[in-house]
Amino acid sequence: MKILLMKWVTLTVAIILTAAICNAINLPFTAPIKGVGDVLQIFVGAAVLAFLGATLGKILKLITLPLNCLTLGLMSLVINGVILWWVGSLGFGFKVDNFLSAFVGSILISICNAVVGSFLIPDKDSKRKGKDDE
């Protein structure tokens with residue numbers, strides 16, 4: 001449960017960082033934070049994004065597997081961008097206006113999620129190693 005909560009926080013931080021980076025390069029991906037309510041909305045948006053990515057995203061990637069093989073995995077980036085664009089249009093704390101912003105945003109969210117997650121979320125191997133040493 002603790003790791004799930006940490007992954008949720010990591011995804012939320014990645015969305016906020018991605019919105020800041022996209023605003024710096026003039027892409028219409030926004031996540032305005034004016035108070036605690038806005039942060040809670042982004043948490044809900046991160047949960048919806050993770051849920052749709054884990055369910056609908058996996059189904060779409062399975063359906064488009066031949067095309068994904070032909071494009072060497074680029075179709076997965078397109079599917080992630082479409083899901084981000086769709087969740088961003090629902091108004092859960094962040095807003096994505098066009099597909100280019102969603103495509104770049106999905107790549108940046110993946111990168112930010114990996115970087116922030118490497119610092120926050122412990123590895124399973126290090127967790128087991130610590131228990132074996134005691």
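**Helix packing, core and aromatic pairs**

Helix α2 passes helix α5 in a right-handed crossing. The model is predicted. The largest nonpolar core has 23 residues, and a search of the whole structure finds four aromatic pairs.

**Packing of α2 and α5**

- The two helices, α2 (residues 36-54) and α5 (residues 74-90), pack at an angle of about 145°. Their axes are 10 Å apart.
- On the α2 side, the residues in contact are G45, V48, L49, L52 and G53. They meet I83, L84, W86 and V87 of α5.
- Sorted by class, this contact of α2 with α5 has seven nonpolar residues, two polar residues and no charged ones.

**Nonpolar core**

- Within the largest nonpolar core, the residues that touch the most other members are I15, F29, L84, F94 and I109.
- Two or more residues of this core come from each of α1, α2, α5 and α6 (99-120).
- L84 is also one of the α5 residues that α2 meets.
- I15 is in contact with F29, I42, A46, L49, F94 and I109, leaving aside neighbours within four places in sequence. Among these partners, L49 also takes part in the contact of α2 with α5.

**Aromatic pairs**

- W8 and F43 form an edge-to-face pair, with 5.3 Å centre to centre and 80° between the planes.
- This pair links distant parts of the chain, since W8 is in helix α1 and F43 in helix α2, 35 residues apart. W8 counts as partly exposed, at 35% relative accessibility.
- W85 and F99 form a tilted pair, with 5.9 Å centre to centre and 55° between the planes.
- W85 lies in helix α5 and F99 in helix α6, so this pair ties together parts 14 residues apart in sequence.
- W85 is partly exposed, with a relative accessible area of 34%. F99 is partly exposed as well, with a relative accessible area of 30%.
- W85, F99 and F103 are linked into a cluster by ring pairs.

**Positive phi in loops**

- Most residues other than glycine have a negative phi.
- N26 is a residue other than glycine with a positive phi, near 60°. N26 lies in the loop between α1 (2-24) and β1 (29-30), and is exposed, with a relative accessible area of 69%.
- L72 is not a glycine either, and has a positive phi of about 60°. L72 is placed in the loop between α4 (65-70) and α5, and counts as exposed at 78% relative accessibility.

Methods: Residues are numbered from 1 along each chain as its sequence is written. This is a predicted model: local features need pLDDT of at least 70, side-chain atom pairs count only at pLDDT 80 or more; totals for chains, interfaces and linings use all residues. Side-chain values use heavy atoms; hydrogens and water are left out. Axes are lines fitted to C-alpha atoms, for helices over the stretch in contact, and angles run from 0 to 180 degrees between N-to-C directions. Helices (H or I, at least four residues) and strands (E, at least two) are DSSP runs, numbered from the N terminus. A crossing is left-handed if the near helix is turned anticlockwise from the far one by less than a right angle, and right-handed if clockwise. Contact means heavy atoms within 4.5 Å. Ala, Val, Leu, Ile, Met, Phe, Trp, Tyr, Cys and Pro count as nonpolar, Asp, Glu, Lys and Arg as charged, and the others, Gly among them, as polar. Buried means under 20% relative accessible area, exposed over 50%, partly exposed in between (1.4 Å probe, protein chains only). A nonpolar core is a set of buried Ala, Val, Leu, Ile, Met, Phe, Trp, Tyr and Cys residues joined through side-chain atoms within 4.5 Å. Rings of Phe, Tyr and Trp (its six-membered ring) pair if their centres lie within 6.5 Å; planes under 30 degrees apart count as stacked, over 60 as edge-to-face and the rest as tilted.
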